[in-house]
Amino acid sequence: MNRETVVGEALDLLDEVGLDAVSTRRLAKRLGVEQPSLYYHFRNKKELLGAMAEAAMRPHATAPLPEPDDDWRDWFVENTRSLRRTLLMRRDGARLHAGSSPGGTDLDRIAHKMAFLIASGVPERDARMAMLAAGRFTIGSVLEEQADADPGDGAEQPAVPPIEHESAFEEGLALILDGLANRLGETGPATR
């Protein structure tokens, strides 16, 4: 049993039972080991959850970085969509990721993305705030989408019109992008 095996099994457990039911006891049983043996790889559950979040984000963390000739608007939209797709790959993916902090190569990738936006003419503060706003908007959108997918306790839900999550996400993303383009003095719809 190695660290990658533990994280992989933990993510499979997450998909089966949801974040609230993931426990080191349950994971140890799944792996056929005693619970204390997990602490050889992870000091505590928080460290395990951090490793799970990092592994779950790998599809987004390995997506191609922007090239100098890329259009910043197209890249910004695709980068945000990639984050959403990745969060949706795992049950409770947004909850698992929320509150995690980037580290190591993630910081290098963020620096590259920021440098790209700045080189494209986006002021540094606006680039930073746009990335933050898009990330938080995406996490919040996926949190809501995944909560709607959870059958919950079976209690009757109030009669409200259902939200088509993908189109609502796209509309919100367009607002963020249009607002940033407007700040830069660009005219017309910014999304393509």
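## Starting with one residue

Let's begin with Arg183, which counts as exposed at 62% relative accessibility (exposed is over 50% relative accessible area, buried under 20%, and partly exposed in between, using a 1.4 Å probe and protein chains only). Arg183 forms a salt bridge with Asp126, with 2.7 Å between the closest N and O atoms (a side-chain nitrogen of Lys or Arg within 4 Å of a carboxyl oxygen of Asp or Glu). This pair links distant parts of the chain, 57 residues apart: Asp126 belongs to helix α8 and Arg183 to helix α9 (residues 165–183).

A word on the model: it is predicted, so local features need pLDDT of at least 70 and side-chain atom pairs count only at pLDDT 80 or more, while totals for chains, interfaces and linings use all residues. Residues are numbered from 1 along each chain as its sequence is written, and side-chain values use heavy atoms, leaving out hydrogens and water.

## The whole chain

Stepping back, the protein chain holds nine helices and zero strands (DSSP runs numbered from the N terminus: H or I of at least four residues for helices, E of at least two for strands). Along its principal axes, the C-alpha trace spans about 60 × 45 × 20 Å.

Of the 192 residues in the protein chain, 36% are buried. Among contacts with a separation of 6 or more, 72% are between residues 24 or more positions apart (contact means heavy atoms within 4.5 Å).

## Helix α8

Asp126 brings us back to α8, the helix it sits in. With 26 residues, α8 reaches 37 Å from its first C-alpha to its last, close to the expected 38 Å (1.5 Å times one less than the number of residues).

The buried residues of α8 include Asp126, Ala130, Ala134, Thr138, Val142 and Gln146. An α-helix has 3.6 residues a turn, so residues three or four places apart point the same way. The buried residues of α8 pack against α5, α6, α7 and α9.

## More salt bridges

The whole structure has 14 salt bridges. In one of them, the side chains of Asp20 and Arg95 meet at 2.7 Å, N to O. Asp20 lies in the loop between α1 (3–17) and α2 (24–31) and Arg95 in helix α6, so the pair ties together parts 75 residues apart in sequence. Asp20 is exposed, with a relative accessible area of 67%, while Arg95 is partly exposed at 35%.

Glu47 and Arg43 form another salt bridge, their closest N and O atoms 2.8 Å apart. Here Glu47 is partly exposed at 22% relative accessibility, and Arg43 is exposed at 68%. Elsewhere, Glu9, Glu16 and Arg30 are joined in a network of salt bridges.

## The largest pocket

The largest pocket holds about 1300 Å³ of space (a pocket is an open set of points on a 1 Å grid over the protein atoms alone where a 1.4 Å probe fits, with protein on both sides within 12 Å along at least five of seven lines; lining residues have an atom within 4 Å of a point). Its lining has 38 residues, of which His97, Ser100, Ser101, Pro102 and Ile110 are the closest to the centre. Elements giving two or more residues to this lining are α3 (45–56), α4 (58–61), α5 (72–88), α6 (93–97), α7 (105–119) and α8 (124–149).

Conventions. Points joined across faces, edges and corners; volume = space filled by probe spheres on them.
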